[in-house]
Amino acid sequence: RRSGFAGRAERMFGLMDGFLKNDPWSLQKDVLHHVEYTVARSRFSFDDFEAYLALSYAIRDRLIERWHDTQVYFKRKDPKRLYFLSLEFLMGRSLSNSAVNLGIKDQCSDALNQLGFEFEQLVEQEGDAALGNGGLARLSACQMDSLATLDFPAWGYGLRYQFGLFRQVILDGFQHEQPDYWLNFGNPWEIERIHVSYAVKFYGAVEEVLLNGVNCKVWIPGETVEAVAYDNPIPGYGTKNTINLRLWAAKPSGEGDMESYNTGDYINAVVNRQRAETISSVLYPDDRSYQGKELRLKQQYFFVSASVQDIMRRYTDSHSNFDEFSNKVALQLNDTHPSLAIIEVMRILVDEENIEWNRAWSIVCDSFSFTTHTVSSEGLEKIPADLLGSLLPRHLEIINEINFLFMEELKKKLGLNYSQLSQMSIVEEGAVKNIRMANLSIVCCHAVNGVSRVHLELLKKRVFKDFCKLWPQKFQYKTNGATQRRWMLVSNPNLCSLISEWLGTKAWIRDVDLMIGLKEFASNTDMQHEWRMVKRVNKMRLAEYIEAISGVKVSVDAMFDVQIKRIHEYKRQLLNLFGIIHRYDCIKNMEKSDRMKVVPRVCIVGGKAAPGYEIAKKIIKLCHAVAETINNDPDVGDLLKLVFIPDYNVSVAELVIPGSDLSQHLSTAGHEASGTGSMKFLMNGCLLLATSDGSTIEIIEEIGNDNMFVFGAKVDEVPALREMKSSLKAPLQFARVVRMVRDGYFGHKDYFESLCNTVENGGDFYLLGNDFMSYLEAQAAADKTFVDQENGHA
Ligand code: NBX
């Protein structure tokens, strides 16, 4: 590669000036070129999917161009780079997002129209990239968009799972999981980099050798797998900055080929090698519990090792020693899942670069930070020490050494307080020895981030109490956010045009704070009218979708009331269902003349349950059973409908959120670390009905209690309520709805029994009974506001 060329190209084309043109005619020409030469169809005859592919390749070309320019620019500047390591990214679709961020959506539409295609229809051809479970994974995706938009020299690293999050199929109201074959029809958004690959080693043993008169540890690994890079360019909005999400795929390694083939067992050798690919084959669908599975640990180390090698290579390309490492490299760990990266860097510095332990240690501590997304100590990741020791023997030694030094330091500070020492130890002693990944991360990182203010307070008070006392300066919070590019510009363009027109600027698309300027128009009737028109069109689109998937016809005059998120007991979808049953029961028992006063509602629920989470699966079934009864009851008609939207994912959210009037965030206070769904609804002009938990607490402070429906126990009240629970009597209304379920009003009496038991007989850990009346009051207030809105008091 001749470096002189960069300079020449820069002089000829201007580095930050696109080589490819973005007018409709040029785009059209490029689309046809890709139809003919990439998709290999005739440019005179191709269908929607082929058009989608060709357009994606035409856009990808433009992304690649900007990506190259970004790389050249930062290589020359050599700023501190930010590396974001996450095992999960929920990217969703890329076509619309890329076109919007590149500022070429209208040009693409024009180009396609002339060819007889609709941009919006091609967008629907794309499947979601669902390489993650829930909030944590979507946050990673939103962060990538913001980092690119804010001109950061950032890289994301993750795993290229062949199967993303399972597809949820509902049969007779029960959830079934099916594999997500997202790569089957190709992925035009990624660039395979066969030349960017690293050997990742596993198993084997540690040996001591004498090197230059010094005893050194050498890891002799037993198995090698190749990590191949797949790059996904992420464009910023209103900037040329285009960052990279580098995902690793596992491939059999070429190492040792001769040896195994010489044994004569050629077929077995090939088959065994092929097994290497299983490492990046499937995403674990559990979003909270850790099972200590070997494959999961392999995934973690595989991705960490490849990423660290890549980062080290980039650093050593332009630096001759490690003095500048922590000034040039920031490694941000998304939860504890990538925390083996800490140990891997330590191992490379000490074992391979022969850097003295203490110096290596300070480089590591200065470079790493981590974000935790968990509120309870039960949710923290633990890895059985035996498992870790067999897969990564040298890493276990390093962890033990770090722990030993940490314990010595603690003893000096705290004395011999064994209970405290054992709580803080990285190694959990017991029948099974475990490595506590959170303790490891806290000890080794210079910063620990919570994801909302109350989350940090809870970490300080409970989960990491002792660590917070020891190192108060390490603990901080960065309240989560969501990108308005994806959640408004891509999914609700009509609302965006309205906002830009009223504000007289599009600057809010990069700086969301500017939306405050809308406040002065809040009571303007023209603005209110336009706003309602936008909402109505979005609701019509959603109603069509609902009818298509469920056959249920819903009225757009009704309030669209939505709860979409992973199904969890603490998120209390069951409280929502009990509220719906109560509403149904009230309508049934009402005088016919009073029914006129009922505010019509369409209740929409969506979300996946982890495959092994029985209670969550029963909640899904109950939702279907209740829907079946209500939707077929002629007494109720349009006053109440309930629909479950199957296979909830990013694209479904993009459709549902803009068409919602009310959204529910019902976590028992103190259980949702932050919550980000609420933000997406709010930016689309949807009111929230929520508990005072996670980021909602800060949202209430920003928008005021008058602008949302807050209910339920507060974070500080929950522990005492739990203590008193056995002496508390659930309200009659609550007992009545639970009884309806128990007695088989919705069928499946036996199946729902264990579900009912979770909220009665002294159970009710999540305090549904306690919060029920206050929930109903908040719902009544929402009804009232909806009617007022119709009267012009929005
Ligand atoms: O992270 C979520 C929290 O529950 C939300 O409150 C928060 O807003 C969001 C972003 O900070 N946590 C989460 O989604 N966790 C996981 O998805 C998860 C996945 C795998 C795993 C453990 C947790 N092993």
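Which residues does F302 touch, not counting residues up to four places away in sequence? The contacts of F302 are V200, V225, A227, W248, A250 and I279, where two residues are in contact if their C-beta atoms, placed from the backbone, lie within 7 Å. F302 is also listed, with L55, L622 and V626, among the residues with the most contacts inside the largest nonpolar core, which has 214 residues. Such a core is a set of buried Ala, Val, Leu, Ile, Met, Phe, Trp, Tyr and Cys residues joined through C-beta atoms within 7 Å. A residue is taken as buried if 20 or more other C-beta atoms lie within 10 Å of its own, as exposed if 12 or fewer do, and as partly exposed in between, with C-beta atoms placed from the backbone. In soluble globular proteins, nonpolar side chains tend to be buried together.

The structure is a predicted model, in which local features need pLDDT of at least 70 and side-chain atom pairs count only at pLDDT 80 or more, while totals for chains, interfaces and linings use all residues. Residues are numbered from 1 along each chain as its sequence is written.

The chain has 31 helices and 24 strands; these are DSSP runs numbered from the N terminus, with helices being H or I of at least four residues and strands E of at least two. Along its principal axes, the C-alpha trace spans about 95 × 75 × 60 Å. A compact globule of 794 residues would have a radius of gyration near 28 Å, and the value of 28 Å for the chain agrees with this. The radius is taken over C-alpha atoms, and the globule rule is 2.2 Å times the number of residues to the power 0.38. Buried residues account for 46% of the 794 residues. Of the contacts between residues at least 6 apart in sequence, 75% join residues at least 24 apart.

An automatic or database domain assignment supplies the domain bounds. The chain is divided into domain 1 (1–77 + 94–125), domain 2 (78–93 + 128–477) and domain 3 (484–790). Between domain 2 and domain 3, the C-alpha centres are 36 Å apart. Their contact takes 36 residues from domain 2 and 30 residues from domain 3. On the side of domain 2 that touches domain 3, the elements giving two or more residues are β2 (89–92), α7 (135–149), β5 (167–171), β6 (174–178) and α18 (453–463). Helix α7 provides the largest share of that side, 6 residues. The class composition of this side is 14 nonpolar, 13 polar and 9 charged residues. Here Ala, Val, Leu, Ile, Met, Phe, Trp, Tyr, Cys and Pro count as nonpolar, Asp, Glu, Lys and Arg as charged, and the others, Gly among them, as polar.

The ligand lies between domain 2 and domain 3, because both give residues to the shell around it. Of the 18 residues around the ligand, those that come nearest are G135, L136, D287, H373 and S674; a residue is near a molecule or strand if its C-beta atom, placed from the backbone, lies within 6 Å of it. The shell comprises 6 nonpolar, 9 polar and 3 charged residues.

Helix α4 (residues 95–102) is mostly covered, with 8 of its 8 residues buried. The buried residues of α4 pack against α3 (48–77), α5 (105–115), α6 (119–123), β10 (223–235) and α20 (484–490). Just after α4, G103 has a positive phi of about 75 degrees. In helix α27 (residues 695–703), the buried residues include S695, T696, I697 and I699. Packing partners of the buried residues of α27 are α18, β22 (662–665), α26 (677–683) and β23 (687–691). G704, which follows α27, has a positive phi near 90 degrees.

Positive phi is also found in residues other than glycine. Y203, in the loop between β7 (191–202) and β8 (205–211), has a phi near 60 degrees. Y203 counts as partly exposed, with 14 C-beta neighbours inside 10 Å. For N354, phi is near 55 degrees, and the residue is placed in the loop between α12 (340–352) and α13 (357–367). N354 is exposed, with 12 other C-beta atoms within 10 Å.

G116 is located in the loop between α5 and α6 and counts as exposed, with 7 C-beta neighbours inside 10 Å. G116 and D48 are 68 residues apart in sequence, and their C-alpha atoms are 9.9 Å apart in space.
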